[in-house]
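Colleague: I'd like to learn how to read a sheet and the residues packed around it. Could you take me through an example?

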Amino acid sequence: MILKPALRGVEEMTVKEEQILFPMSLDKLAESDWYEISRQSLDIGFCLYDPPREWTPAGLEDSEAKDAQKSGTSIQLPSGSFTIEELLCILNTLPIDMTFVDRNDKVRYFSQGAERIFQRSRAILNRDVRHCHPPASAHIVDKIIEDFKSGKQSRAPFWINLGGKFIHIEYFALRNEKGEYLGTLEVSQNLTHYRALEGEQRILSYT
């Protein structure tokens, strides 16, 4: 009784999109408009499909597109500075997985390293973090966020064995200089290799 009206609504909306909304949009919007929509999609998140490549209009060179995305590229911090390109490379080179959840409990960023432990899709961006975890662990997420926001705790460590790998997972409360809660950083790392280390290595070796 509940599913039939929902399915009917989905089918009707699909027909309206395919026969009215999309044709009208294709007729009225220029490629520059679509490019702007593409750029702003990250602020909204993706549904069902996460584009594997960034789209650039044929009339816009890749270099111009990158320049448009990197206006004001220099990021100045108290201890130094780097460009967005450099920062992105640093974040994706670190041997850890990072996911940032803002003060409103929305997933805003995740690193994209070559060997992520827990795969992420951009479909989770701007979603409530509780909807990105199995229902069985939702109460744990709620407890961590509650303790971080209240100031009761600042970190929450876990470690598990996953497919023969020793995985360390830790959540950190992010606060500004005034102590105000800014969000939560999830950091996961495969420590299997490090646990097996013995003795010392003082000479250069790429093993």
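Colleague: Leaving out residues up to four places away in sequence, which residues does Thr184 touch?

Modeller: Keep in mind that this is a predicted model. Thr184 touches Thr99, Phe100 and Val101, and also Phe148, Tyr171, Phe172 and Leu174, when residues up to four places away in sequence are not counted.

Colleague: In which strand is the place of Thr184?

Modeller: Thr184 sits in strand E7.

Colleague: Is Thr184 buried or exposed?

Modeller: The cut-off for buried is under 20% relative accessible area. Thr184 counts as buried because its relative accessibility is 7%. Its side chain also makes a polar contact, at 2.7 Å, with the side chain of Tyr181.

Colleague: Now the sheet: in what order do the strands come?

Modeller: The general idea is that strands of a sheet pair through backbone hydrogen bonds, either parallel or antiparallel. Here 5 strands make an open sheet with antiparallel pairing, in the order E4-E3-E7-E6-E5. Strand E4 (107-110) and strand E5 (155-162) are the edge strands, each pairing on one side only. On average, and ignoring direction, neighbouring strands of this sheet are turned by 15 degrees against each other.

Colleague: How many bridges join E5 to strand E6?

Modeller: There are 8 bridges between E5 and strand E6 (residues 165-175), and the two run antiparallel. To find your place there, look for Phe158, which stands opposite Ile169 in E6.

Colleague: And which strands does helix H5 lie across?

Modeller: Helix H5 (residues 138-150) lies across E5, E6 and strand E7 (181-190), and runs at about 35 degrees to E6.

Key
Residues are numbered from 1 along each chain as its sequence is written. This is a predicted model: local features need pLDDT of at least 70, side-chain atom pairs count only at pLDDT 80 or more; totals for chains, interfaces and linings use all residues. Side-chain values use heavy atoms; hydrogens and water are left out. Two strands pair if DSSP finds at least two bridges between them. Helices (H or I, at least four residues) and strands (E, at least two) are DSSP runs, numbered from the N terminus. Axes are lines fitted to C-alpha atoms, for helices over the stretch in contact, and angles run from 0 to 180 degrees between N-to-C directions. Contact means heavy atoms within 4.5 Å. Buried means under 20% relative accessible area, exposed over 50%, partly exposed in between (1.4 Å probe, protein chains only). A polar contact is a pair of N or O atoms within 3.5 Å; within protein, one must be able to donate a hydrogen and the other to accept it, and residues adjacent in sequence count only if both atoms are side-chain atoms.
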